[in-house]
Amino acid sequence: MKNLVILGGGYGGMKMLNELLPNNLPEDVMITLVDRVPYHCLKTEYYALAAGTISDVHVRVAFPEHPQLKVKYGEVIGVNKKAQTVELQDDESIHYDDLVIALGCEDNYHGVPGAEQFTYSIQSIGKSRETYQALNNLGPGSVVGIVGAGLSGVELASELSESRKDLNIKLFDRGKHILSAFPDRLSKYVENWFVDHNVEIINNSNITKVEENTLYNNDQPIHCDVIVWTAGIQANKIVQEIEGEKDRSGRMVITPQHYLPEDEHIFILGDCASLPHAPSAQLAEGQAVQIVEVLKKRWNGEEPPASFPPIKLKGVLGSLGKKHGFGMMADRAITGRVARLLKSGVLWMYKFHNG
């Protein structure tokens with residue numbers, strides 16, 4: 001039996017399982033899925049879990065069950081390319097014939113002293129739970145500092161402002177306006193929403209140091225009872241340790257067939273892959289479909305496609321609490337209740353097709 005090992009049951013890993021199971025996997029191939037937790041997690045909803053507006057069960061989806069699928073729970077500590085094994089903490093190594101590394105990303109602290117030690121995160125379900133505990137144990141009038149005003153920071157700040165109106169929320173952004181990757185009209189709409197909901201936006205910020213309950217913005221101390229870091233991501237540490245060419249963000253450079261140039265049996269999927277677009281669930285799913293096509297050709301003794309068409313992204317949607325939202329659909333900015341309804345609909349459809 002050949003063993004296809006998938007590291008990570010995120011959006012990309014889950015899409016591969018759904019593409020191969022139940023009827024598209026050869027009888028002589030087993031799949032071993034390795035993940036820290038026994039379920040697929042909806043990472044795009046971690047902000048709501050941290051803010052306390054949804055329960056843990058709302059961000060969990062069961063992995064599929066199949067006789068040729070083995071789910072292994074554990075912490076990946078390394079990949080041995082020569083031996084073709086995956087090393088697990090406190091467990092036996094796993095041999096692979098083909099390996100898909102879909103371990104996602106982790107926070108990028110940009111070398112800021114104290115940032116990793118004294119801030120909370122929403123990059124994993126475990127860290128989001130810890131952030132929930134910290135935020136929802138705060139007393140009235142407490143100050144919450146959120147560093148980074150990209151999509152994650154904006155969604156967390158808006159959700160928290162609705163669930164805990166008694167908190168003083170400060171959103172630190174290094175640019176002249178938040179959501180700098182979006183059109184100015186959309187950014188202005190979100191900024192006005194925050195003004196109406198008493199969230200303080202601190203533009204042109206430069207976090208130089210973090211201490212316990214203190215942020216240093218442009219070297220000036222600001223007291224915060226809880227600090228949450230949403231100021232950028234980087235490739236998973238396992239990928240950072242793998243030898244091979246990487247881009248400036250530490251993501252692995254891959255071939256058009258999504259495997260390493262020097263090893264056709266190691267595929268890099270999702271946030272760890274160097275791709276033309278910013279990391280996203282949509283991008284990981286599109287990549288997963290193409291990797292499955294390569295594997296199916298290989299298992300049939302055929303040559304994989306020399307290239308694939310560009311992965312088409314449908315757009316980006318973000319929430320502003322439970323009733324408003326924003327986003328880009330087909331290069332068109334949308335705001336208000338329609339954007340929020342669209343996001344809720346996308347989430348419902350995803351759960352319906354995967355649950």
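Angles between axes under 35 degrees count as roughly parallel, those over 145 as roughly antiparallel, those from 65 to 115 as roughly perpendicular, and the rest as oblique. The model discussed here is predicted.

**Two helix pairs**

Two packed helices are described by the angle between their axes and the distance between the axes. Helix α1 (residues 11–20) packs against α8 at an angle of about 40°, and the two axes are 8 Å apart. The helices α1 and α8 are therefore oblique to each other. Their crossing is right-handed. On the side of α1, the contact is made by Y11, G12, K15, M16, E19 and L20, while α8 contributes residues including A281, A284, V292 and W299. Sorted by class, this contact of α1 with α8 holds 11 nonpolar, 1 polar and 4 charged residues.

The second pair consists of helix α5 (residues 151–163) and helix α6 (residues 184–196), whose axes come within 11 Å and cross at roughly 25°. The helices α5 and α6 are therefore roughly parallel to each other. In this case α5 passes α6 in a left-handed crossing. From α5, the residues V154, A157, S158, S161 and E162 take part in the contact, and from α6 the residues V190, W193 and F194. The residues of this contact divide into 5 nonpolar, 2 polar and 1 charged.

**Two open sheets**

Which strands make up the parallel sheet, and in what order? The order is β13-β12-β11-β17, and these 4 strands form an open sheet with parallel pairing. At the edges stand β13 (199–202) and β17 (226–229), each with a single partner strand, so one side of each has no neighbour in the sheet. From one strand to the next, the twist averages 20°. Helix α5 packs on this sheet and touches β11 (143–147), β12, β13 and β17; the direction of α5 makes about 170° with that of β12.

The other sheet is also open; it has 3 strands in the order β14-β15-β16, and its pairing is antiparallel. Its edge strands, β14 (207–211) and β16 (220–223), each pair on one side only. Here the twist from one strand to the next averages 25°.

| Strand pair | Direction | Bridges |
|---|---|---|
| β12 (residues 168–172) and β13 | parallel | 4 bridges |
| β14 and β15 (residues 214–217) | antiparallel | 4 bridges |

Individual residues show these pairings in detail. The strands β14 and β15 form a hairpin with 2 residues between them, in which N213 takes a positive phi near 65°.

**A residue in a loop**

Is A273, at 4% relative accessibility, buried or exposed? A residue is buried when its relative accessible area is under 20%. With 4% relative accessibility, A273 therefore counts as buried. This residue is found in the loop between β20 (263–268) and α8 (281–299). Leaving aside neighbours within four places in sequence, A273 is in contact with R251, M252, I254, I268 and Q287. By contrast, A273 and N217 are 56 residues apart in sequence and 32 Å apart in space, C-alpha to C-alpha.

Notes:
Residues are numbered from 1 along each chain as its sequence is written. This is a predicted model: local features need pLDDT of at least 70, side-chain atom pairs count only at pLDDT 80 or more; totals for chains, interfaces and linings use all residues. Side-chain values use heavy atoms; hydrogens and water are left out. Axes are lines fitted to C-alpha atoms, for helices over the stretch in contact, and angles run from 0 to 180 degrees between N-to-C directions. A crossing is left-handed if the near helix is turned anticlockwise from the far one by less than a right angle, and right-handed if clockwise. Contact means heavy atoms within 4.5 Å. Ala, Val, Leu, Ile, Met, Phe, Trp, Tyr, Cys and Pro count as nonpolar, Asp, Glu, Lys and Arg as charged, and the others, Gly among them, as polar. Two strands pair if DSSP finds at least two bridges between them. Buried means under 20% relative accessible area, exposed over 50%, partly exposed in between (1.4 Å probe, protein chains only).
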